[in-house]
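I opened my notebook today to look up a few helix contacts and one hairpin. Here is what I wrote down, entry by entry.

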Amino acid sequence: MRWTGLPFVAALALTACVTINVYFPAAEAREAAREFVENVIGEEGAGTAPEVPADDPGGMPGGMALEGGATGRGLAFDPWILLGIAPAHAQTPDITIRTPAIQAIQQRMESRFASTLRPHFDSGALGFGSDGLVVVRDAGSLPLKDRVAVNAAVADDNRDRNAVYREVAVANGHPEWEAQIREVFARQWIASARPGWWYQQAGSWKQK
């Protein structure tokens, strides 16, 4: 008896699409953010931002779940294996911050932080926002003669911050990661804040 379904199975095998599981590399992003932020702030001694718990045991925060979970419980059965077609699994991607564009932004931010912003973080006039930007927390603490220059420096710094979050995502081949990169950096700015500096958390200001 002829098996009339064979051509159909063969056609499926030939036209099968292999899906690569890609997820946001949270640990690598945290390490990249720590390096960048500490270089900008210019002093050693701060820790890495705490890990954001995954929404489910098999997923990565903000990313796509790995087959079988990210905890090594094994891969899910794939029926294509019966046809000799193995599933493709993405290698854990790295996060690079060593591109000319990112390095140029970092150098500008280092210079601006040392020359203009740091004293006003020390005084409490400035703080780190929960969105990864710098906020004028207490304008009254700014000396009158410095207000124009500080406001301009904050605006310039926030433009560079927005640019670097976007550039890190693009440089690593995933523009869609920009929001996740921003969140990781926002947590790291707060983790790296020095004693006495202010930061936003859940809509309120807190002091380290």
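Before I start, a term: I call two strands paired if DSSP finds at least two bridges between them. I also keep in mind that this is a predicted model. With that settled, I looked up β5 and β6 and found that they run antiparallel, joined by four bridges. I noted β5 at 198-201 and β6 at 204-207. Reading across the pair, I found Gln200 opposite Trp205 of β6. The hairpin of β5 and β6 has two residues between the strands.

Which residue has a positive phi although it is not a glycine? I found Ala202, with a phi of about 55 degrees. I located Ala202 in the loop between β5 and β6. Is Ala202 buried or exposed? I read 82% relative accessibility for Ala202, so I put it down as exposed, the cut-off being over 50%.

I took helix α2 as residues 26-41 and helix α5 as residues 178-192. They pack at an angle of about 50 degrees, and their axes are 9 Å apart. That angle makes α2 oblique to α5. I noted the crossing of α2 and α5 as right-handed. On the α2 side, the residues making the contact include Ala29, Ala33, Phe36, Val37 and Ile41. From α5, I listed Ile181, Val184, Phe185, Gln188, Trp189 and Ser192. How many residues of each class does this contact have? I wrote down ten nonpolar, two polar and three charged for α2 with α5; Arg30, Arg34 and Glu38 of α2 are among the contact residues too.

Next I turned to helix α4, residues 147-171, which packs with α5 at an angle of about 125 degrees. Their axes are 8 Å apart. I therefore filed α4 and α5 as oblique to each other, and their crossing as right-handed. In α4, I found Arg161, Asn162, Tyr165, Arg166, Val168 and Ala169 at the contact. They meet Glu178, Ile181, Arg182, Phe185 and Trp189 in α5.

Notes. Residues numbered from 1 in each chain as written. Predicted model: local features only at pLDDT ≥ 70, side-chain atom pairs only at ≥ 80, totals over all residues. Heavy atoms only, no water. Axes fitted to C-alpha atoms, helices over the stretch in contact; angles between N-to-C directions. Parallel < 35°, antiparallel > 145°, perpendicular 65-115°, else oblique. Left-handed = near helix turned anticlockwise from the far one by under 90°. Contact = heavy atoms within 4.5 Å. Nonpolar A, V, L, I, M, F, W, Y, C, P; charged D, E, K, R; others polar. Buried < 20%, exposed > 50% of the residue type's maximum accessible area, 1.4 Å probe, protein only.
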